[in-house]
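Student: I would like to understand how the labels that are given to parts of a structure follow from their definitions. Could we go through them one at a time?

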Amino acid sequence: FDVKDRGEDYKTSAVPVSMTREATSFHTDSSARDVEPDHVGLLCLQPAVQGGESLATSAVSVHEELRRVAPDVLPLLYKDYARDVVTPGTERNLDSIRANRFPIFRFDAHHGALTFRYMRYWIERAHELLGEPLTPAETSAFDRLDALLGDERFVLSFTLQRGEMLWVNNRTIAHNRTAFADD
């Protein structure tokens, strides 16, 4: 689907951030438990007039840095967390949100590797809707994770031009987009 500003607000509607002009924060695609794309591609049809810079970071490198500097945080990031249901075509109600739980980091035996699935806003939103607020320790763990995901040591930033493509491993690379303006 086209990633473009449709005038939506993901904070007031259950729509993917990609349907807005807002920055996305570091994340992987798909907030649905049973939909976990291996790779995600983005083809630039028209660059934004302003903003829209792409950012990518290695979740595996961030995991290893957490292991080095804050190992106490990792068990909290291996827990299951609920995600709000925003994948187009899926039913959204409290039961579906309650069932939509999975960890941020996990060892995937099928792929034989560490995997990463994250979008903080949808986790916080789900826990709010369910009346299951995150604990201060969980919030602190997310803060540490976000700080490292955005750490310049791990981030590659660039602007796609018309016809250029970005492919990321959706299980190991977190990506982000800065806010943008279309013409």
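Predicted model: local features only at pLDDT ≥ 70, side-chain atom pairs only at ≥ 80, totals over all residues.

Student: What makes the pair of Glu-36 and Arg-171 a salt bridge?

Tutor: A salt bridge is a side-chain nitrogen of Lys or Arg within 4 Å of a carboxyl oxygen of Asp or Glu. For Glu-36 and Arg-171 the N to O distance is 3.2 Å, and the two side chains meet in a salt bridge. The pair links distant parts of the chain, 135 residues apart, with Glu-36 in the segment before β1 and Arg-171 in the loop between β9 (165-169) and β10 (173-177). Helices (H or I, at least four residues) and strands (E, at least two) are DSSP runs, numbered from the N terminus. Glu-36 has a relative accessible area of 18%, and therefore counts as buried.

Student: Which other residue meets Arg-171 in a salt bridge?

Tutor: The side chain of Asp-108 does, at 3.0 Å from N to O. Asp-108 lies in strand β6 (residues 105-108), so this pair ties together parts that are 63 residues apart in sequence. Asp-108 counts as buried because its relative accessibility is 5%. Salt bridges that share partners join Glu-36, Asp-38, Arg-106, Asp-108, Arg-117 and Arg-171 into one network, and a search of the whole structure finds 19 salt bridges.

Student: Why are Arg-67 and Glu-64 said to be separated by about one helical turn?

Tutor: They are 3 residues apart in helix α1, and therefore about one helical turn separates them. Arg-67 has 46% relative accessibility, so Arg-67 counts as partly exposed.

Student: How do you know that the buried residues of α1 are on the same side?

Tutor: In α1, the buried residues are Ala-59, Val-62, His-63, Glu-65 and Leu-66. They cover an arc of only 165° around the axis, which means that they are on the same side of α1. The arc is that of the directions from the helix axis to the C-beta atoms.

Student: Which residues have the most contacts inside the largest nonpolar core?

Tutor: A nonpolar core is a set of buried Ala, Val, Leu, Ile, Met, Phe, Trp, Tyr and Cys residues joined through side-chain atoms within 4.5 Å. The largest has 24 residues, and those with the most contacts inside it are Leu-66, Leu-77, Ile-104, Phe-105, Phe-116 and Leu-145. Helix α5 gives the most to this core, with 5 residues.

Student: What makes Leu-45 exposed?

Tutor: Leu-45 is found in the loop between β1 (39-43) and β2 (50-51), and because its relative accessibility is 53%, Leu-45 counts as exposed.

How values were computed: Residues numbered from 1 in each chain as written. Heavy atoms only, no water. Buried < 20%, exposed > 50% of the residue type's maximum accessible area, 1.4 Å probe, protein only.
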